[in-house]
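Biologist: Hello! I am new to this structure and would like to go through it with you, one question at a time.

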Amino acid sequence: GGRITYYADAIGGRDTYTRMIGEVGFDAVLRANGTFNYRNEIWEIDGLRHLLEPKISYRYAPRADQGQPYIPNIDSQVFTTYLQPLSIADQRNVDQLDALNTFRFAMDNTLQTRDKEYGSRDLLKLDFAADYTFLHQPGRPLSDLYTEAALMPAPWLHIEAFQRWDVHDRTQDELNYGIEVADQKWWAVRLAAHFLKNDYEQYLLDYRQRINEEHDFYLRLLYDARRGRFDEQTFGITQRLGQTWNVRYEVSFTNGNTREGSFGINVQVDLLRF
C-alpha cells in the first residue's frame with residue numbers, strides 16, 4: 001500500500017510539500033471451532049460452540065514519519081489508551097505518523113449457544129492483543145497487553161471489561177468494566193467504572209425508562225471519585241415520530257476540562273429510515 005499527501009500550505013520554509021509513503025505487510029488468521037453437547041434450562045443454553053481465531057499482522061513503513069518539519073499539525077495524534085489501527089491507510093493522525101516495523105498478535109475467543117428462535121447467540125467473548133515493534137526504546141519492544149471480555153449469559157444481562165496490563169512493570173495501568181441489566185421492552189440500567197493509573201477513577205450510571213409507545217426518559221451520571229464531583233449530569237427525553245423520525249431533547253450539567261460551558265441544551269433529530 002501507499003499514501004500520497006499534498007500540502008498546499010506547508011511550514012518550515014516551504015510553500016508546498018508532497019509526502020509519499022510506501023507500506024508492506026500482511027494479515028493472517030486461523031479459524032477453528034469445537035462443539036460441546038451441554039444444556040442448561042435455567043440460562044437457556046442448548047449446546048456450546050467455541051470459536052478460536054489466532055491473528056498475526058505485520059506492517060513495515062520505515063519512512064512514514066518523514067517530512068514532519070514541513071507538515072502543519074492539523075490531524076495529529078490524540079490521547080488514547082486503546083490499540084490504534086496498524087496500517088497507515090486506517091490512521092486518522094495523517095499529519096503525525098510514526099515509522100512502522102511492527103507485529104500485532106491477537107487471540108479472539110467466542111462461546112456461543114443455539115438461539116431458540118434462529119441461529120446462535122454469544123455467551124462469552126475473551127480477546128487478547130499486543131504489539132511487538134522493532135523500532136523501540138531499549139528494553140521495551142513489547143506493548144501493553146490488551147484484554148477485552150464480555151459475558152452475556154442471558155438476553156437481559158450484559159457484563160463487560162477492558163484491561164491494559166504493563167508487561168514490563170507487571171502493573172495494571174487501566175481497567176474499565178460495566179454491567180447492564182435490561183428489560184428488553186421497558187427499561188435498562190448500566191453501571192460502569194473507569195480506572196486509569198495516575199489519572200482518573202470514574203463511575204457511570206446510565207438509565208433508560210420507556211414511558212409509552214412514543215416517549216423514553218433517560219439519564220446519565222458520571223462521577224469522578226478522585227476529585228469528588230459529578231463531571232456530567234444529563235437528563236433527556238426521546239420522542240418517536242411515526243416510523244421515520246426520532247427526536248432527542250436533553251439538558252446537561254458538566255464539570256472539568258471541556259470546550260463547552262457547564263450547562264447545555266441539546267436537540268437532536270435522527271432519520272430512522274426512508
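This is a predicted model: local features need pLDDT of at least 70, side-chain atom pairs count only at pLDDT 80 or more; totals for chains, interfaces and linings use all residues.

Biologist: Thanks! Which residue meets the side chain of Arg-227 in a salt bridge?

Modeller: Arg-227 takes part in a salt bridge whose N to O distance is 2.9 Å. The partner is Asp-224.

Biologist: How many salt bridges are counted by this rule?

Modeller: Side chains of opposite charge can pair when their charged atoms come close. Here a salt bridge needs a side-chain nitrogen of Lys or Arg within 4 Å of a carboxyl oxygen of Asp or Glu. By this rule the count is 18.

Biologist: How many residues apart in sequence are the parts that Arg-59 and Asp-27 tie together?

Modeller: The side chains of Arg-59 and Asp-27 form a salt bridge at 3.0 Å, N to O. Arg-59 lies in strand S5 (residues 45–61) and Asp-27 in strand S3 (residues 24–29), so the parts tied together by this pair are apart in sequence by 32 residues.

Biologist: Is Arg-59 buried or exposed? And is Asp-27 buried or exposed?

Modeller: Buried means under 20% relative accessible area, and exposed means over 50%. Asp-27 has 54% relative accessibility, so Asp-27 is exposed. Arg-59 has 12% relative accessibility, so Arg-59 is buried.

Biologist: Which strand holds Arg-220, the salt-bridge partner of Glu-232?

Modeller: In the salt bridge of Glu-232 and Arg-220, the closest N and O atoms are 3.5 Å apart. Glu-232 lies in strand S14, and the pair ties together parts that are 12 residues apart in sequence. Arg-220, partly exposed at a relative accessible area of 30%, lies in strand S13.

Biologist: Let us turn to Arg-121. Is Arg-121 buried or exposed?

Modeller: Arg-121 has its place in strand S7 (residues 120–133). Its relative accessible area is 14%, and the cut-off for buried is under 20%. Therefore Arg-121 is buried.

Biologist: Which backbone oxygen does the side chain of Arg-121 reach at 3.1 Å?

Modeller: Leaving aside neighbours within four places in sequence, the contacts of Arg-121 include Trp-43, Glu-44, Leu-111 and Met-152. A polar atom of the Arg-121 side chain lies 2.9 Å from the backbone oxygen of Trp-43. The backbone oxygen reached at 3.1 Å is that of Glu-44.

Biologist: Which side chain makes a polar contact of 2.8 Å with the side chain of Gln-112?

Modeller: Gln-112 lies in strand S6 (residues 100–114) and is buried, with a relative accessible area of 10%. Its side chain makes a polar contact with that of Asp-122 at 2.9 Å. The contact at 2.8 Å is with the side chain of Arg-49.

Biologist: Which residues make up the largest nonpolar core?

Modeller: This core has 6 residues. One of them, Leu-97, is in contact with Ile-21 and Ala-64, among others, leaving aside neighbours within four places in sequence. The members are Ile-21, Ala-61, Ala-64, Ile-88, Leu-97 and Leu-100.

Biologist: Which strand gives the most to the nonpolar patch?

Modeller: The nonpolar surface patch covers about 1000 Å² and includes Phe-235, Trp-245 and Phe-263. Strands S14, S15 and S16 each supply at least two of its residues. Phe-263, partly exposed at 48% relative accessibility, has its place in S16. With 5 residues, the strand that gives the most is S16.

Biologist: One last one: how far apart in space are Tyr-38 and Leu-100, C-alpha to C-alpha?

Modeller: Tyr-38 has its place in strand S4 (residues 32–40), and a polar contact of 3.2 Å joins its side chain to that of Asn-40. Tyr-38 and Leu-100 are 62 residues apart in sequence, and their C-alpha separation is 46 Å.

Notes: Residues are numbered from 1 along each chain as its sequence is written. Side-chain values use heavy atoms; hydrogens and water are left out. A nonpolar core is a set of buried Ala, Val, Leu, Ile, Met, Phe, Trp, Tyr and Cys residues joined through side-chain atoms within 4.5 Å. Buried means under 20% relative accessible area, exposed over 50%, partly exposed in between (1.4 Å probe, protein chains only). Contact means heavy atoms within 4.5 Å. Helices (H or I, at least four residues) and strands (E, at least two) are DSSP runs, numbered from the N terminus. A polar contact is a pair of N or O atoms within 3.5 Å; within protein, one must be able to donate a hydrogen and the other to accept it, and residues adjacent in sequence count only if both atoms are side-chain atoms. Patches are made of residues with over 30% relative accessible area and no salt bridge: like charges are joined within 9 Å, nonpolar side chains (Val, Leu, Ile, Met, Phe, Trp, Tyr) within 5 Å. Accessible areas come from the Shrake-Rupley method with a 1.4 Å probe; for residues, only the protein chains shown count as cover.
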